[in-house]
Each structure stands twice: as structure tokens, then as C-alpha cells.
Amino acid sequence: MASMARSGIRSAIQRGSILSKTRNVKKNCFSSAAHHDDAYETAKWEKITYAGIVSCTTLAVYNLSKGHPHYDEPTPYPYLHIRNKEFPWGPNGLFEAKHTGH
């Protein structure tokens with residue numbers, strides 16, 4: 001019984017080593033079978049990159065050159081911005097408009 005188990009383990013190990021060899025061979029054949037021209041691919045993606053840079057820059061300049069609407073100040077309701085304790089950096093929040101007494 002023990003010899004049968006050993007022979008089964010031995011054959012499984014051998015099959016595993018054969019499978020790993022065939023996997024490596026298939027992997028190498030697959031990568032060598034692909035005929036890519038690296039210079040062509042590099043030039044293609046370089047052109048795509050430059051076209052993207054030009055189009056994004058043009059779109060950004062167009063959008064930033066247009067004006068944007070200015071809205072009225074929101075109604076200062078008394079229940080908004082209730083503060084029971086002052087912030088460590090002063091009376092106003094970090095991103096609030098600083099109102100001075102002028």
C-alpha cells in the first residue's frame with residue numbers, strides 16, 4: 001500500500017515537472033510568435049500623446065478664456081454657521097470669505 005502511494009506521488013511530481021516545462025515552452029513560443037515593430041508602436045503612441053497634449057491645452061485655453069457668472073451673496077440666515085467655540089486659526093473658517101469691519 002505504501003509503495004503504491006509513493007509511486008502515485010512520484011508520478012504526480014513528474015507530471016507537474018513536465019507540465020511546468022510545457023507551460024514555459026508555450027509561453028516562450030507565444031511571445032516570440034508576436035511580430036511587433038517596436039519603433040512603429042513607439043512612434044504611434046508618441047504622436048497620440050502630442051495630439052492629446054495639443055487638444056487638451058486648446059480646450060483648457062478655450063474654457064478658461066470664457067467668463068464665468070458671478071452670483072449674489074447667499075442670504076445670511078441666523079441659523080447658519082453657528083459657532084460655540086472659536087477655531088484655532090481665528091474667528092472665520094478656512095474656506096470662508098474673510099469679512100472685516102470696513
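Guide: A search of the whole structure, which is a predicted model, finds two aromatic pairs. One of them joins Tyr-77 and Tyr-79, with 5.5 Å from centre to centre and 15 degrees between the planes.

Visitor: Why is the pair of Phe-87 and Trp-89 called stacked?

Guide: The ring centres of Phe-87 and Trp-89 are 4.8 Å apart and their planes lie at 5 degrees, so this pair is stacked as well.

Visitor: How do you know whether Tyr-79 is buried or exposed?

Guide: Buried means under 20% relative accessible area, exposed over 50%, and partly exposed in between, with a 1.4 Å probe and protein chains only. Tyr-79 has 57% and is therefore exposed, whereas Tyr-77, at 42%, is partly exposed. Phe-87 is partly exposed at 26%, and Trp-89 is partly exposed at 46%.

Visitor: What makes the nonpolar surface patch, and which residues belong to it?

Guide: Patches are made of residues with over 30% relative accessible area and no salt bridge, like charges being joined within 9 Å and nonpolar side chains (Val, Leu, Ile, Met, Phe, Trp, Tyr) within 5 Å. Tyr-77, Tyr-79, Leu-80 and Ile-82 make this one, which covers about 460 Å², an area that comes from the Shrake-Rupley method with a 1.4 Å probe. Leu-80 lies in the segment after α2 (38–65) and has a relative accessible area of 42%, so it is partly exposed.

Visitor: Why is the contact between Lys-44 and Glu-41 called a salt bridge?

Guide: The term requires a side-chain nitrogen of Lys or Arg within 4 Å of a carboxyl oxygen of Asp or Glu, and the N to O distance here is 3.6 Å, so the contact qualifies. A search of the whole structure finds one salt bridge. Lys-44 and Glu-41 both lie in helix α2, three residues apart, about one turn of the helix.

Visitor: On what basis are residues numbered and atoms counted?

Guide: Numbering starts from 1 along each chain as its sequence is written. In this predicted model local features need pLDDT of at least 70 and side-chain atom pairs pLDDT 80 or more, while totals for chains, interfaces and linings use all residues, and side-chain values use heavy atoms, leaving out hydrogens and water.

Note on methods. Helices (H or I, at least four residues) and strands (E, at least two) are DSSP runs, numbered from the N terminus. Rings of Phe, Tyr and Trp (its six-membered ring) pair if their centres lie within 6.5 Å; planes under 30 degrees apart count as stacked, over 60 as edge-to-face and the rest as tilted.
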